[in-house]
Each structure stands twice: as structure tokens, then as C-alpha cells.
Amino acid sequence: MSNESGTWPVAAIVVDYAGVLTDVESDRLYELLDRARDRGLRTALLSNAAGGGSVRRRLSGWFDVLVFSGEVGVVKPQREIFLLTAERLGVPPEACVFVDDAPGNVTGAVAAGMVGVRHTSVRDTVDELTAMLPGL
């Protein structure tokens, strides 16, 4: 995997909630997140939801960072929310893979420097992430 300045490692996976982690068979994505964390990758949930509430409590075990638009005052696809998430993860945006079902949000993440993965099905997303991150 590379960017304009050369090869760089992926250090984090950033995932949307609604439309990705709520998809049928999402348990496969949660398993992938567990394996990623076991291998030292950082994980973040990035949602345009108003606030964390029960989602925060239910999902905090899979994520190092949870970012909700309603709590930080910016929304996807604004560049600032992707940069804020990377900052909270402690990694540069270029070392993040972002997964979302909305094409505009993926475009926003790529514009902020992240690698973008458009979620269309759990199978395709898992296949794409494991191709990018051998060993997951």
C-alpha cells in the first residue's frame, strides 16, 4: 500500500456505524476489528449520530476512540472530522483506512488523506480489508 510520498503502513481502521456495523452479518466485521486490535491496529467508530448514548456503551469494547458528530460539532464528509478522528487515534490520517456505506463520506475521508473503502456488503468489506491488511 502506498501514498504519494511512498509506502506507509496502515495503523488504524475507522468505521461508520449505521449502514456498516448495522448490516446483516456484521458479526464478521466485529471479528475483524478484534483481530485488528490483537495485531496492534487502532480502531475508531466515526458516526454522524447526535451522540453516543447506548451505542457508545455497547460498542466501546471494539474501539479505541468513538467520535460522534453531535458531540464534536462537525459532520462527515467535512475534512475536520476525519482529521480529528485520526488525531484522537494518535496516527496520521494517511495511516487510517475508513469504511462507510455513503460514497460522499468515503470521498471526504480520501480528501483528508485516509484510504477509503466503500461498504456495499460485509463480505466485500471484509475481503477488501483483509487484502489490504494481510494477516487479518
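Helix α7 spans residues 122–132, and its buried residues are V122, T125, V126, L129 and M132. Viewed down the axis of α7, these buried residues fall within an arc of 130°, so they line one face of the helix; the arc is that of the directions from the helix axis to the C-beta atoms. They pack against α2, β6 and β7, with contact meaning heavy atoms within 4.5 Å. Helices (H or I, at least four residues) and strands (E, at least two) are DSSP runs, numbered from the N terminus.

The structure is a predicted model, in which local features need pLDDT of at least 70 and side-chain atom pairs count only at pLDDT 80 or more, while totals for chains, interfaces and linings use all residues. Residues are numbered from 1 along each chain as its sequence is written, and side-chain values use heavy atoms, with hydrogens and water left out.

The pLDDT is the predictor's confidence in each residue, from 0 to 100. Its mean for the protein chain is 92, and 94% of the residues reach 70 or more. Over residues 1–7 the pLDDT is below 50, and this stretch has 9 contacts in the model beyond near neighbours in sequence. Where pLDDT is low, the predicted coordinates should not be read in detail.

**The sheet and its helices**

Five strands form an open sheet with parallel pairing, in the order β5-β4-β3-β6-β7; two strands pair if DSSP finds at least two bridges between them. At the edges stand β5 (65–68) and β7 (115–118), each of which pairs on one side only. From one strand to the next, the twist averages 20°. Strand β6 (residues 96–100) is joined to β7 by 4 bridges, and the two run parallel. D100 stands opposite R118 in β7.

Helix α5 (residues 79–89) lies across β3 (12–15), β4 (42–47), β5 and β6, and runs at about 150° to β4. Helix α6 (residues 103–111) lies across β6 and β7, at about 170° to β7. Axes are lines fitted to C-alpha atoms, for helices over the stretch in contact, and angles run from 0 to 180 degrees between N-to-C directions.

**Aromatic pairs**

A search of the whole structure finds 2 aromatic pairs. Rings of Phe, Tyr and Trp (its six-membered ring) pair if their centres lie within 6.5 Å; planes under 30 degrees apart count as stacked, over 60 as edge-to-face and the rest as tilted.

| Pair | Centre to centre | Angle between planes | Class |
|---|---|---|---|
| Y30 and W62 | 4.5 Å | 50° | tilted |
| F82 and F98 | 5.1 Å | 80° | edge-to-face |

The pair of Y30 and W62 links distant parts of the chain, 32 residues apart: Y30 belongs to helix α2 (residues 27–38), and W62 to the loop between α3 (53–59) and β5. Y30, at 13% relative accessibility, counts as buried, whereas W62, at 26%, counts as partly exposed. F82 in helix α5 and F98 in strand β6 are 16 residues apart, and their pair also links distant parts of the chain. Both F82 and F98 are buried.

**Residue R28**

R28 is found in helix α2 and, at 31% relative accessibility, counts as partly exposed. Not counting residues up to four places away in sequence, R28 touches V122, R123 and V126.

Note on methods
Buried means under 20% relative accessible area, exposed over 50%, partly exposed in between (1.4 Å probe, protein chains only).
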